[in-house]
Amino acid sequence: MVSDNMNHTTYHTMVCDAAGPEFNPDEEPNAEARNFYDMIRAGDKPVYEGNSKHTQLSAAVRMLEIKCRHRCSQAWFNDMSNFIQELLPQDNLMPLDFYSMKKLVRGLGLPVQVIHCCVNNCMIYWGNDSDLNSCKKCGHAQYKQKVWGSGNRLYIWKLKVSYKKMHYFPITPRLQRLYASTATANEMRWHSEHHMEDGKMCHPSDAPTRKHFDGCFPDFSSELRNVRLGLFADGFQPFGQSGQQYSLWPVVVTPYNLPPDLYMRAALMWTINDFLACSMMYGWSTAGMLACPHCMKDSDAFRLIKSGKQLWFDNHRMFLPMNHPYRRNIKDFIKNRKVTKQFLGVRSGDEILQDLNNRGLRKVIDVDAEVVNAAISKTCGWNKRSIFWDLPYWREHLLRHNLNVMHIEKNVFDNIFNTVFNIPGKTKDTYKSRDELNKYCRRPQFAQNLVTSKYPDVPFVLNKSQKKDVLEWVKKLRFPDGYASNLGRCVDANKLKMFGMKSHDCHVFMQRLLPIALRAFLPNRIWEPITEISLFFKQPTSYSLTDEELRNLDEQIHVILCNLEKIFPPSFFNSMEHLPLHLAYEARIAGPVHYRWMYPP
């Protein structure tokens, strides 16, 4: 028989933690608890008489872990299970196949629901609509169909395969597992027990957004066990460029504080998305001249006359103090233009909600939403009413939708690097931009030579020899394990460019390498603003922040962007070059960036 300490194995503890602190394995089971009792028994029984290393449960968990790690097929798994059965004694308790093992561990109570969706994203087939065969809105069939035959003899076979589906991981049992487990309960109490040291914010619970919310809803905040959540969403291709017909859009909810008790309430604090997905969550269009969700209609973006390109050039002087000399500068920005306008500030939740109500915007689930919202969106930046406004506390949040620093940083880096390296098709210094440059700016030294029809070189672009030196330096770089990927693999020595850089590669290069790489090749008046924007991205991503540091950073970024406008052509500045302006403000009211971006913790 198994020794007495077998009753206290890791798997026995895992099951008890999953069941929660009120779970008593000695009481008579009911229908809901029966799976837990089955797992308790499986965690106590050895896989065969005399085996002290594995119980029935531990063997099943180990086999499933091996299948997942090595990506084994179900057929291989079943064949291997049958072979193991031949090796074990006759009276062994080893599960016979994949189905049996999944059924055994299913008692953990962390279910996954597969819900079919309309191929056009109109609806989900769930609840009362689960038995429908076609979409209520667009009429598209739920299931794929196979047609064969010819002439008058056509046969249609309705496959029970949905065109599109989503996997739903119910949040309640997962939150219960976190606060019911003795292994995590104490750690999840840290949010209410820690105190700020020297005024440094190191967690969202230190931020003004959290304190403002607690003041607006004292009944909620007085119960320290209530949970604050953040919602992340981002799309990607799971098989890279080789599988472009496949895509995933995971939506992840993360707890910012988790109480160790069975009773709880939860509040969604904000969402975190890339800039394009922000439009889906927020309802404010992130394209066009009103793309900024903070500035909204208070923007000076404009459109080029010839190319029609939308620019955010000279859109930052209005954030400077009224006595700043840049406001009176008529040479380095849009020529002959002084700026007296002042940014009115970010609109409150009450102001936004009143605007939505006055305009009559609809939620996408409303019957007439598509027609009504399309008409209204022609006169403003709104394209729908977000469903989040149905939450009773949503209007009270100081920050509802985060600007994702990860994607903004990558886009800013790409624009700087591709322009400095003059990468064809990606540089912002093109013939078209030079042609229109002096219509807006006073930079005659960069105008086309009417005799040779050529454009002169600009001081912010490296020559061929300088590009080679930078890329050779990058190829020789070595980083500590886990710090960054091998950037040398991204170097194309023939075309003198870098390719295939992921977001984290750009993050490391922007904050750590860019100032060093360009120091020896660019004039100080160009190198310094590029270094300043590099250091700017480094500061908000620190693990601890003070209000004074962030206020100073908020003032600095206004000047930094103006200095970049003095260097690069207007075509360099799209909405992505504008968004860093608001990152210090968001960090000041919501806390450290690493709790509010798309990188994994």
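This is a predicted model: local features need pLDDT of at least 70, side-chain atom pairs count only at pLDDT 80 or more; totals for chains, interfaces and linings use all residues.
Colleague: Among contacts between residues at least 6 apart in sequence, what percentage join residues at least 24 apart?

Modeller: Contact here requires heavy atoms within 4.5 Å. Among the contacts that join residues at least 6 apart in sequence, the share joining residues at least 24 apart is 62%.

Colleague: At what angle do helix 3 and helix 5 pack, and what is the hand of their crossing?

Modeller: Helix 3 covers residues 56–70 and helix 5 covers residues 98–105. Their axes lie 10 Å apart, at an angle of about 115°. The crossing of the two helices is left-handed.

Colleague: Which residues of helix 5 meet helix 3, and how do the residues of the contact divide?

Modeller: From helix 3 come Gln 56, Leu 57, Ala 60, Val 61, Met 63, Leu 64 and Lys 67. Their partners in helix 5 are Phe 98, Met 101, Leu 104 and Val 105. By class, the residues of this contact are nine nonpolar, one polar and one charged.

Colleague: How does helix 3 pass helix 4, and which residues of helix 4 make the contact?

Modeller: Helix 4 spans residues 74–87, and the axes of helix 3 and helix 4 are 11 Å apart at an angle of about 145°. Helix 3 passes helix 4 in a right-handed crossing. Met 63, Leu 64 and Lys 67 of helix 3 make the contact with Gln 74, Phe 77, Ser 81 and Ile 84 of helix 4.

Colleague: How do the residues of the contact of helix 3 with helix 4 divide?

Modeller: The contact involves, among others, Leu 64 of helix 3 and Ser 81 of helix 4. Its residues divide into four nonpolar, two polar and one charged.

Colleague: How many aromatic pairs are there, and why is the pair of Phe 213 and Phe 217 called tilted?

Modeller: Rings pair if their centres lie within 6.5 Å, and the count comes to 22 aromatic pairs. The ring centres of Phe 213 and Phe 217 are 5.1 Å apart. Planes under 30 degrees apart count as stacked and those over 60 as edge-to-face. The planes of Phe 213 and Phe 217 are at 40°, so the pair is tilted.

Colleague: Over the face of which residue does Arg 519 lie?

Modeller: Arg 519 is placed 4.2 Å from a ring centre. The residue whose face it lies over is Trp 527.

Colleague: Which strand do the buried residues of helix 15 pack against?

Modeller: Helix 15 runs over residues 431–440, and its buried residues are Ser 433, Arg 434, Glu 436, Leu 437 and Tyr 440. These buried residues pack against strand 10.

Colleague: Where is Asn 121 found, and why does Asn 121 count as exposed?

Modeller: Asn 121 has a positive phi of about 65° although it is not a glycine. Its place is in the loop between strand 1 and strand 2. Exposed means over 50% relative accessible area, so Asn 121 counts as exposed at 58%.

Colleague: Which residues does Asn 133 touch, beyond those up to four places away in sequence?

Modeller: Asn 133 is in the loop between strand 2 and strand 3. Asn 133 and Tyr 143 are 10 residues apart in sequence and 7.2 Å apart in space, C-alpha to C-alpha. With residues up to four places away not counted, Asn 133 touches His 140, Ala 141, Gln 142 and Tyr 143.

Technical notes. Residues are numbered from 1 along each chain as its sequence is written. Side-chain values use heavy atoms; hydrogens and water are left out. Rings of Phe, Tyr and Trp (its six-membered ring) pair if their centres lie within 6.5 Å; planes under 30 degrees apart count as stacked, over 60 as edge-to-face and the rest as tilted. A charge sits over a ring if NZ of Lys or CZ of Arg is within 6 Å of the ring centre and within 35 degrees of the ring normal. Axes are lines fitted to C-alpha atoms, for helices over the stretch in contact, and angles run from 0 to 180 degrees between N-to-C directions. Helices (H or I, at least four residues) and strands (E, at least two) are DSSP runs, numbered from the N terminus. A crossing is left-handed if the near helix is turned anticlockwise from the far one by less than a right angle, and right-handed if clockwise. Ala, Val, Leu, Ile, Met, Phe, Trp, Tyr, Cys and Pro count as nonpolar, Asp, Glu, Lys and Arg as charged, and the others, Gly among them, as polar. Buried means under 20% relative accessible area, exposed over 50%, partly exposed in between (1.4 Å probe, protein chains only).
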